[in-house]
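Please look over the sequence and the structure shown below before reading on.

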Amino acid sequence: MISFIKTTQLPETYYLGHKVEMTLENNKTQELFRGFMPLRKQILNKSSEYVLLLHEYNKQTTFENFTPQTIHTNWALQQVNALELSTSDFLHYTLPSQNYAIFLHSGGVAEFAGSMHYIFSDWFPNSGYEVVQVPHFEKILPVFPPQPETREEEIWIPIKSKIN
């Protein structure tokens with residue numbers, strides 16, 4: 001299930017994390033988080049309990065031309081107050097200030113594709129906004145053990161007004 005929450009401007013924020021290059025056909029997200037989550041407790045200056053699954057695509061990638069073979073980079077990230085207190089176990093990531101549309105996805109992986117289809121095929125054409133080609137992410141509360149069929153996560157899609 002998917003529902004629109006709001007639009008908001010996210011200020012520049014700082015993260016520590018791990019990344020992996022992958023495709024949906026060769027999905028390495030579980031391995032990414034298996035390496036990241038045990039080390040996350042070393043991060044002393046967390047500014048949120050949420051973790052991000054951030055997706056970086058090349059500038060030519062759109063919802064229309066995205067395929068299971070599209071190469072992209074996924075990041076597992078923890079928001080921090082400052083990057084200075086990091087350890088060598090993590091890469092630094094700065095997310096610049098950006099406007100986002102925020103959606104709440106409830107359910108498992110099987111329903112996620114339907115949620116993304118709704119966002120890009122139904123919500124965007126009727127919203128007055130268009131997608132900005134910068135990273136988008138899911139904001140996840142790390143609950144253990146994970147319950148994928150009942151999990152809730154926020155989907156943050158970067159936007160700009162269609163009217164400039």
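Predicted model: local features only at pLDDT ≥ 70, side-chain atom pairs only at ≥ 80, totals over all residues.

## A strand between two partners

Strand β2 itself spans residues 13-22, and because 7 of its 10 residues are buried, the strand is largely enclosed by the rest of the structure. As background for reading such a strand, side chains in a regular strand alternate between the two faces of the sheet.

## The chain as a whole

The chain has 2 helices and 9 strands, and when it is read along the sequence these elements follow the pattern β-β-α-β-β-β-β-α-β-β-β. Among the contacts between residues at least 6 apart in sequence, 79% join residues that are at least 24 apart.

How does the radius of gyration of the chain agree with that of a compact globule, and what is its value? A compact globule with 164 residues would have a radius of gyration near 15 Å, and the chain has 16 Å, which agrees. Taken along the principal axes, the C-alpha atoms fill a box of roughly 45 × 35 × 30 Å. Of the 164 residues, 40% count as buried, while the accessible surface of the chain comes to about 9,300 Å², with 55% of that surface belonging to carbon and sulfur atoms.

## Aromatic pairs around W156

The structure holds 12 aromatic pairs. One of them is formed by Y100 and W156, whose ring centres are 5.6 Å apart and whose planes stand at 65°, so the pair is edge-to-face. Y100 lies in strand β6 (residues 98-106) and W156 in strand β9 (residues 152-161), so this pair ties together parts of the chain that are 56 residues apart in sequence. Both Y100 and W156 are buried.

W156 also forms an aromatic pair with F137, and this pair is stacked, with 5.2 Å from centre to centre and 20° between the planes. Because F137 lies in strand β8 (residues 136-140) and W156 in strand β9, the pair ties together parts that are 19 residues apart in sequence. F137, like W156, is buried.

## Other aromatic residues

Elsewhere among the aromatic residues, F4, F103, F120, W123, F124 and Y129 form one aromatic cluster. An aromatic ring can also have a charged residue over it, as with Y50, where K139 lies over the face of the ring at 5.0 Å from the ring centre.

## A buried residue in a loop

Where is T70 placed, and is it buried or exposed? T70 is found in the loop between β3 (46-56) and β4 (72-80). Its relative accessibility is 13%, and because buried means under 20%, T70 counts as buried. Leaving aside neighbours within four places in sequence, the residues in contact with T70 are M22, T23, T61 and N65.

Technical notes:
Residues numbered from 1 in each chain as written. Heavy atoms only, no water. Phe/Tyr/Trp six-rings, centres within 6.5 Å; stacked < 30°, edge-to-face > 60°. Helix = DSSP H or I, 4+ residues; strand = E, 2+ residues; numbered from the N terminus. Buried < 20%, exposed > 50% of the residue type's maximum accessible area, 1.4 Å probe, protein only. Lys NZ or Arg CZ within 6 Å of the ring centre and 35° of its normal. Contact = heavy atoms within 4.5 Å. Rg over C-alpha atoms; globule rule 2.2 N^0.38 Å. Areas by Shrake-Rupley, 256 points an atom, 1.4 Å probe, with all protein chains shown as cover.
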